[in-house]
Amino acid sequence: MRLSKCHNISDLRTLAQRRLPAPMFHYIDGGADDEWSLHNNTAAFDKYELMPNVLVDVDRIDLKTKLLGTEIALPFFLSPTGMSRLFHHDKELAVARAADKFGTAYALSTLGTTRLEDIADAIDVPKIFQLYIMKDRGLTREFVARCKAAGYTALCLTADTPVAGNRERDLRTGMTMPPKFGLKGLLNFAMHPHWSLSYLRHPNFDLANVAHRTDALSGGSMGLIDYVNSQFDRTVSWKDVEWLVGEWGGPFIIKGLQSVPDALKARDVGATALMISNHGGRQLESAPAPIDCVKDIRAAVGNDLELIVDGGIRRGNHIVKALNAGADACSIGRAYLYGLAAGGQAGVERALTILKTETERTMALMGCPSINDIKG
Ligand SMILES: Cc1cc2nc3c(=O)[nH]c(=O)nc-3n(C[C@H](O)[C@H](O)[C@H](O)COP(=O)(O)O)c2cc1C
């Protein structure tokens, strides 16, 4: 199968599975525990219907929307995902450049394999840096200063990760970062020569934004993943968020909350936007689907906060349903990662084209020429 034969996100997933060794594919594809939340994130969209309004002039469909005080060309953007080098040697730059080409925002993860300054130099669209408040508060302060210097639009604090979720597929496949060619894995790597050759030619697997701290803290003796796991801080609370919002002083997103009381606290500490998210079903198993949380949160916060639905989006009609339920925008994770694994930047562009085309068609069939028409 080639990229041009991928007609939907599920086709891209199939191609990604063919291209990637099993540990990398399942690292993208998997979720926590029994993966109920992972599956429910997408399945929950089936409960929502879209009412058509016929005989409306839909000659021109306008997908533009406002996010974080700036305009983006699509009502969805690209969520932060760690370690893109595992999936393609062009890593985060391939994803950011695709976002730039489509005029939508890109969010870089703390655990990315590209320096935040390199992303800032490469793109003009809104840039979001996702961070965790880690035990090493010096690193958090350093990120704030670097993001200000590099001209980032917003910071995004991920709040659903006091500890790592239980991803059993990773235990079974022996997923490590950087990847190791163990005896068990050798056959798997041999069966994916394209990926394996690129692994040998571009061995740049550093967590580029934190690598320098592992040496600073451990005299170089600590592995990257050990460093990151040791840095998740279970004591982080709303007081720390308030501190961080003040340090940053610009648009601030909190990612990974789902309840009305948490949304109200986010408003009180000065957040600009919420990413209603359960980390793509990778953290708390049995957390509700983000789409199911939008209506109540919108009713509680009114227009005080921008709401972004993050999780389970595989179709343009999912995006339209989220907007119809009260969201301002959506964001996608696996949908573009499957594209990245399937074909680098061209694969990410394929994913964005698919979702853009599906969204446009859904809007035309609904009789909604603009995003505001969907919101009702
Ligand atoms: C491979 C992978 C890595 C991820 N890494 C991060 C990360 O470093 N930080 C973060 O806040 N969220 C991370 N996420 C979660 C995404 O930002 C997003 O919430 C999730 O993918 C949305 O669900 P979807 O994949 O169904 O679209 C990751 C998700 C995946 C699939």
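1. The side chains of Ser-331 and Asp-310 are joined by a polar contact of 2.9 Å. The model is a predicted one, and the distances below should be read as belonging to that model. Ser-331 belongs to strand β10, which covers residues 329–332.

2. Ser-331 has a relative accessibility of 1% and therefore counts as buried, the cut-off for buried being under 20%. Apart from neighbours within four places in sequence, Ser-331 is in contact with Phe-77, Ser-79, Met-275, Ile-308, Val-309, Asp-310, Gly-311 and Ile-313.

3. Which side chains have an N or O atom at 3.1 Å or 2.9 Å from a nitrogen atom of the ligand? For Tyr-132 the distance is 3.1 Å, and for Lys-255 it is 2.9 Å. An oxygen atom of the ligand, in turn, has a polar side-chain atom of Arg-314 at 3.1 Å.

4. On its own the ligand has 600 Å² of accessible area, and the protein covers 98% of this. The largest pocket is the space that the ligand takes.

5. Helix α16 spans residues 334–366 and includes Gly-339. Is Gly-339 buried or exposed? Its relative accessibility is 0%, so Gly-339 counts as buried.

6. With neighbours within four places in sequence left aside, the contacts of Gly-339 are Leu-12, Gly-344, Gly-347 and Val-348. Phe-87 is 252 residues away from Gly-339 along the chain, yet the C-alpha atoms of the two are separated by 9.6 Å.

7. Helix α3 (residues 36–43) is a further element to look at, with Ser-37, Leu-38, Asn-40 and Asn-41 buried. Against which elements do the buried residues of α3 pack? They pack against α2, α7 (168–173) and α16.

How values were computed
Residues are numbered from 1 along each chain as its sequence is written. This is a predicted model: local features need pLDDT of at least 70, side-chain atom pairs count only at pLDDT 80 or more; totals for chains, interfaces and linings use all residues. Side-chain values use heavy atoms; hydrogens and water are left out. Helices (H or I, at least four residues) and strands (E, at least two) are DSSP runs, numbered from the N terminus. Buried means under 20% relative accessible area, exposed over 50%, partly exposed in between (1.4 Å probe, protein chains only). Contact means heavy atoms within 4.5 Å. A polar contact is a pair of N or O atoms within 3.5 Å; within protein, one must be able to donate a hydrogen and the other to accept it, and residues adjacent in sequence count only if both atoms are side-chain atoms. Accessible areas come from the Shrake-Rupley method with a 1.4 Å probe; for residues, only the protein chains shown count as cover. On a 1 Å grid over the protein atoms alone, a cavity is a set of points where a 1.4 Å probe fits but cannot get out, and a pocket is an open set with protein on both sides within 12 Å along at least five of seven lines; lining residues have an atom within 4 Å of a point. A molecule sits in a cavity or pocket if more than half of its atoms lie within 2 Å of its grid points.
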